[in-house]
Amino acid sequence: MGKNSAFYFSGHFDKDQNVDIKLSTEKNSLRTLTSALDFPPVEGSSDGNFFLSGHLSDPDFEGYLWIPHLGKD
């Protein structure tokens, strides 16, 4: 989250309520995120890939979060 953040969404739902979705994001400001959650400020950025698949009533969720630099204000 932040002015330089990018989000990419792809995937599909079918008529049988199966889902296969990928969300990729990059250049997210941890300071913006922690501020929005009313947490103490944290400096750094994050990138991630998240996957949702299976039937909508009980989907599988998997994700990867990369934080190359993490610091405290």
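In the hairpin of strand 1 and strand 2, which has 4 residues between the strands, Gln-17 takes a positive phi near 65 degrees. Helices (H or I, at least four residues) and strands (E, at least two) are DSSP runs, numbered from the N terminus. The model is predicted: local features need pLDDT of at least 70, side-chain atom pairs count only at pLDDT 80 or more, and totals for chains, interfaces and linings use all residues. Residues are numbered from 1 along each chain as its sequence is written, and side-chain values use heavy atoms, with hydrogens and water left out.

**Strand pairing**

- Strand 1 (residues 6-13) runs antiparallel to strand 2, joined by 8 bridges; two strands pair if DSSP finds at least two bridges between them.
- Phe-9 stands opposite Leu-23 in strand 2.
- Strand 2 also pairs with strand 3 in the antiparallel sense, over 10 bridges.
- Ser-29 has Ser-45 in strand 3 as its bridge partner.

**The largest pocket**

- The volume of the largest pocket is about 200 Å³.
- A pocket is an open set of points on a 1 Å grid over the protein atoms alone, where a 1.4 Å probe fits, with protein on both sides within 12 Å along at least five of seven lines.
- Grid points are joined across faces, edges and corners, and a volume is the space filled by probe spheres set on the points.

**The pocket lining**

- Lining residues have an atom within 4 Å of a point; among them are Met-1, Phe-7, Asn-28, Ser-29 and Phe-50.
- Two or more lining residues come from each of strand 2 (18-29), helix 1 (30-36), strand 3 (42-55) and strand 4 (60-72).
- Strand 2 gives the largest share, 3 residues.
- By class, the lining has 7 nonpolar, 4 polar and no charged residues.
- Ala, Val, Leu, Ile, Met, Phe, Trp, Tyr, Cys and Pro count as nonpolar, Asp, Glu, Lys and Arg as charged, and the others, Gly among them, as polar.
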